[in-house]
Amino acid sequence: MSSQLFTSKFIKKEKKGKNTYSFHFKKPNKFEFVAGQYLKMKLDINNSDSRGNSRYFTVSSSPTEKDLVITTRIIKSSFKKKLMTLKTGDEAIISGPWGDIVFPKKRRPIIFLTGGIGITPFRSLCIFARDKNLDFKITLLVSFSTAEDSIFDKEFKKIESDNFKYIKTITHPDKNWKGEKGRIDAQKIRKYVKNVDKSIFYVTGPLGLVEGILKLLKDNGIKKGHIISEDFPGY
């Protein structure tokens, strides 16, 4: 892993969903990343908990956007408490980037499968594809526990096109939900994915979700060489 450190200044935060926020930082000079990659962030925290004063985050912004943005769920931890109380101009130390959730070199249909906060690298990738007019056929299938847990929903709907399909499924829907219901399963994949054998599948999210989807793909004959996965550690 890269040992080079960069200083970045906090700009603002935006609420994106239930207990989920995007945090905008100034992009440091000479810090370059590829859409879909992640970084390590360190904050100045007094009396940090056992996990310390640093965390890994996917960059949810695209390299084509001005700010460097991370998006995360807010839980009770000293790091997240500090993140929520940052003021404009406060500094963070970042290093990286790393990660394999990046566009393939060869043009082929792309399928993004994820749940919850695992959607963050796909925002970066989809915005980058739009801004650069990349000729990829992309299908994003994401599950959320409730409709209120959805993040980036309006953004993905706004960029839907012949090259980009966005499907959301809710595992615990209320009576007003009219869309797909339940977890990502073989039936939904068959419904929305054409040319399965020619597609490349990207799977991200918490470990349990990633393992479940990987088993689903394996059981349905998807070759290991057609799958790229990355699980997210605890928040």
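The model is predicted.

Start with the overall layout. Domain 1 puts 20 residues into the contact, and domain 2 puts in 18 residues. About 1400 Å² is buried between domain 1 and domain 2. Carbon and sulfur atoms give 58% of that area. Charged pairs also cross between the two parts: the count between domain 1 and domain 2 is 3 salt bridges.

Next, the sheet. Six strands form an open sheet in the order S4-S3-S6-S1-S2-S5, and the pairing is antiparallel. Strand S4 (54-58) and strand S5 (67-73) are the edges, each pairing on one side only. From one strand to the next, the twist averages 40°. Look at the end of the sheet where S2 meets S5. Strand S2 covers residues 20-26 and runs antiparallel to S5, with 7 bridges joining the two. Within this pairing, Thr20 stands opposite Arg73 in S5.

Now turn to helix H1. This helix spans residues 78-84, and Ser78 lies in it. Is Ser78 buried or exposed? Ser78 counts as buried because its relative accessibility is 17%, and the cut-off for buried is under 20%. Which residues does Ser78 touch, leaving aside those up to four places away in sequence? They are Ile45, Asn47, Ser48, Asp49 and Gly52. Take Ile45 as one of them. Ile45 and Ser78 are 33 residues apart along the chain, yet their C-alpha atoms are separated by 7.5 Å.

The structure holds 13 salt bridges. Among them is the pair of Asp149 and Lys18, with the closest N and O atoms 3.7 Å apart. This pair links distant parts of the chain, 131 residues apart. Asp149 sits in the loop between strand S8 (138-144) and helix H3 (153-158). Lys18 sits in the loop between strand S1 (5-17) and S2. How do the two partners compare in accessibility? Asp149 counts as buried because its relative accessibility is 18%. Lys18 is partly exposed, with a relative accessible area of 43%.

A second pair is Arg123 with Glu65. Here the closest N and O atoms are 2.8 Å apart. Arg123 belongs to helix H2 (residues 120-131), and Glu65 to the loop between S4 and S5. This pair too links distant parts of the chain, 58 residues apart. Arg123 is buried, with a relative accessible area of 10%. Glu65 is partly exposed, at 23%.

Asp153 lies in helix H3 and Lys168 in strand S9 (residues 164-170), 15 residues apart. Both residues of this pair, Asp153 and Lys168, are buried.

Some salt bridges share partners. Which residues do they join into one network? The network holds Lys12, Glu14, Lys16, Glu65, Arg123 and Glu155.

Definitions and conventions
Residues numbered from 1 in each chain as written. Predicted model: local features only at pLDDT ≥ 70, side-chain atom pairs only at ≥ 80, totals over all residues. Heavy atoms only, no water. Pairing = 2+ DSSP bridges. Helix = DSSP H or I, 4+ residues; strand = E, 2+ residues; numbered from the N terminus. Axes fitted to C-alpha atoms, helices over the stretch in contact; angles between N-to-C directions. Buried < 20%, exposed > 50% of the residue type's maximum accessible area, 1.4 Å probe, protein only. Contact = heavy atoms within 4.5 Å. Buried area = accessible area lost by both parts, 1.4 Å probe. Salt bridge = Lys/Arg side-chain N within 4 Å of Asp/Glu carboxyl O.
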